[in-house]
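Colleague: I would like a close look at one part of this model. Please keep the answer brisk.

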Amino acid sequence: MTSRTVTLLDVARTAGVSKSTASDALQGSGRVAEATRDRVRAVAEELGYRPNSAARRLRRSSTGAIGLHLPQTATRLDYYMNLAFGAVARAQEDGFDVVLLAPASVGGTAGGASGPVASRVDGLLVIDPEVGDSAVPGLLDAGVPVVTGERYLGPTAAPTGAVICDNAASLTALLDHVTERGARRPAVLAPAGTSAWATALRATAASWGQEHGVDVALRTVPFAATPGEAEETTLALLRADPAVDAVICAPDGAAPGVLRAAATLGRPVGPGAPPAATTHSPKAPTPLLVASCVDGTATRSAEPPVTAVDLRPAAYGRACAELLCDILAGRTPPDTVRRHAWALETRSSTTAWPA
C-alpha cells in the first residue's frame, strides 16, 4: 500500500477487526484485549499507517500541541537546543506540534499560568525544572499532563511523569577516571542553582571526596557559566591551590575557559606534557587534567579535545516527548519514571599525549 495513504480501515481489515476496535487499539482506549491491541499496532506499523492528526484532534477536542519549557539560560546552550530538536521530532511522530514557552507566557504563579497554558496545549515538557523558577509551580498545576526532564525538587505538585539521568553516577565516573589517570587533587566547577542536576553534582563532589579520602576542591559557577567565567574561576583556583591537578567543569560549553586558564599559567593539559614542554625546563609545570560534565561542540573541537559525559541530548528530548505522548495516548500510566543513559567519552585532555 505504498501508492496511496494507508487508512484506518486498511489497518482494521488487515488485522481482522472492526474500524472502531482498530481506533481504540491505536489510541489506547476502550476495552480491547492486549493481544488484539498488539496485533493492531503491529499491522499499523507494518503498513506505515499515520493517523490523521487533524481529525484526531477534533475527536478529542485537543489543541494538537505540547508545550516545552526550558531554563531561562537555555537559548545559548547547545545542549538544550539539541534536546529541543529531539523533542520536536518525536512529538511530530504522534501528530503534535511543539510550542516553546517563553518565561513571560507562563506567568509567575500557579493561578496566572494554569489557565492560558492549559488552553493552548495538550501536555507540557518541563526540562531541568529549578525550585527557584517561579513559572514551574504554575506549569505543574496547569491541568494537563506534565513530563519533566529530571526530577523537580520543589514542594508543589509532582509531574505526571519524568525522564531522569543518573547524574551522581556520571560525575563519579569522571572523578574515578581522572584519579585513575593520576590525579590526586581534583577540583569540580559545579553549577549553582536548585535543579536536580546541579544539586546532584554538588552533593556527589562532596560525597565522593569523603568516600575516597580525597579533598575535592569544589567551586560554584553559574548554571550556564560562560568560558570567560570558567576561565576566571579556574585562574583563581589554580593560583590559590597549585596542587590541583584535575579540573572537572560542569556547565555546557565552559570547558574551553578552563583550557585557557591552564595555558595562561603554563600548565600543560593531559597526564603527560608534550615533549616540547619538558625539553628546556628542568622542572616542568604540573600537568592538568580537564574534563566536562556535558559533551558538545566546545569539548569536541577544543585543543586538546576534552573528555566529557555525553548526555545524548537529542535522544533525551525524544525520550521526554515519547513519555508525554505515551501518557496522552493512554499507552503508559501516569507516574511513570524512565531512565536515560549517558556515556563517558575519553579524549586527549585526560589521556596520554601522542608520541
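Leaving aside its neighbours within four places in sequence, which residues is H177 in contact with?

Modeller: This is a predicted model, where local features need pLDDT of at least 70, side-chain atom pairs count only at pLDDT 80 or more, and totals for chains, interfaces and linings use all residues. Numbering starts from 1 along each chain as its sequence is written, and side-chain values use heavy atoms, without hydrogens or water.

Beyond those neighbours, H177 contacts T307, L344, T346 and T350. Contact means heavy atoms within 4.5 Å. H177 belongs to helix α9, residues 167-180. Helices here are DSSP runs of H or I with at least four residues, strands are E runs of at least two, and both are numbered from the N terminus. H177 is buried, at 9% relative accessible area. Buried means under 20%, exposed over 50%, and partly exposed in between, with a 1.4 Å probe and protein chains only.

Now the sheet. Strand β10 covers residues 307-310, and β12 covers 343-345. The two run antiparallel, joined by three bridges. Strands pair if DSSP finds at least two bridges between them. The open sheet has six strands in the order β7-β6-β8-β9-β10-β12, with mixed pairing. β7 (217-221) and β12 are the edges; each has a single partner strand, so one side of each has no neighbour in the sheet. From one strand to the next, the twist averages 20 degrees. Helix α11 (residues 227-240) packs on the sheet and touches β6 (186-191), β7 and β8 (246-249). Its direction makes about 145 degrees with that of β6. Axes are lines fitted to C-alpha atoms, for helices over the stretch in contact, and angles run from 0 to 180 degrees between N-to-C directions.

Next, the nonpolar packing. A nonpolar core is a set of buried Ala, Val, Leu, Ile, Met, Phe, Trp, Tyr and Cys residues joined through side-chain atoms within 4.5 Å. The largest has 47 residues, and those with the most contacts inside it are Y80, L125, L171, V188, I248 and C293. Helix α15 (residues 313-329) gives the most to this core, seven residues. Not counting residues up to four places away in sequence, I248 touches L171, L174, L175, V178, A187, V188, L189, A291 and C293. A second, separate core of 21 residues includes L189, V221, A225 and V258.

Last, the cysteines. The structure holds zero disulfides, a disulfide being a pair of cysteine sulfur atoms within 2.5 Å. C249 is in none; the nearest cysteine sulfur, that of C293, is 7.7 Å away. C249 is buried, at 1% relative accessible area.
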